[in-house]
Amino acid sequence: MKKKKIYEGKIFNLSIHSGKIEGRKVKREIIEHPGASSMIAFDENDKLILVKQHRFPHGFVLEIPAGTLEKNEKPIDCAFRELEEETGYRARKMTSLITYYPSIGYNSEKIYCFVASGLKKVPGLKLDDDEILSVVKIDIKKVISMIKKGEIQDSKTICAIMTYVAKKKL
């Protein structure tokens, strides 16, 4: 496959890939993204730690903490870093939950979901200049109900919570 980069941005690049697959000519526009890590974390009162974050063009969205992998960063290291930056909690351990492609047909992004444990509150959030968010704590059963009602539509949150529930049989 030949690859021609047509856009290079801060968060992703866009390339056109062309060539042959099983003897057939194909041409694909692919968003190239380094991937992201997200995590499920519970506070000292067993409440799920979420963030209410502004996600243009959709407005404020309720989701699990997450962030883009930095160059050469391991997904687990990103998970530890993002949890602390966005929520003010430091985890002792991250356990892999699920990894998936949110938009497999045109996007290289892979999302790594973890379960954080051994949480300790640390002072202050370390948000990027363009991050607008607040920390929200909700009982997981209410979050499941919100997913079922369509009140939570973020794919990483839905995938992580429903996988966690299926494994725990809540």
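Mentor: Let us begin with the surface and with how the model is to be read. This is a predicted model, in which local features need pLDDT of at least 70, side-chain atom pairs count only at pLDDT 80 or more, and totals for chains, interfaces and linings use all residues. Residues are numbered from 1 along each chain as its sequence is written, and side-chain values use heavy atoms, with hydrogens and water left out.

Trainee: In which strand does serine 15 lie?

Mentor: Helices (H or I, at least four residues) and strands (E, at least two) are DSSP runs, numbered from the N terminus. The chain has three helices and 12 strands. Serine 15 belongs to residues 13-21, which form strand E2.

Trainee: Is serine 15 buried or exposed?

Mentor: Buried means under 20% relative accessible area, exposed over 50%, and partly exposed in between (1.4 Å probe, protein chains only). Because its relative accessible area is 0%, serine 15 counts as buried.

Trainee: With which side chain does the side chain of serine 15 make a polar contact?

Mentor: A polar contact is a pair of N or O atoms within 3.5 Å; within protein, one must be able to donate a hydrogen and the other to accept it, and residues adjacent in sequence count only if both atoms are side-chain atoms. At 3.1 Å, the partner of serine 15 is the side chain of glutamate 32.
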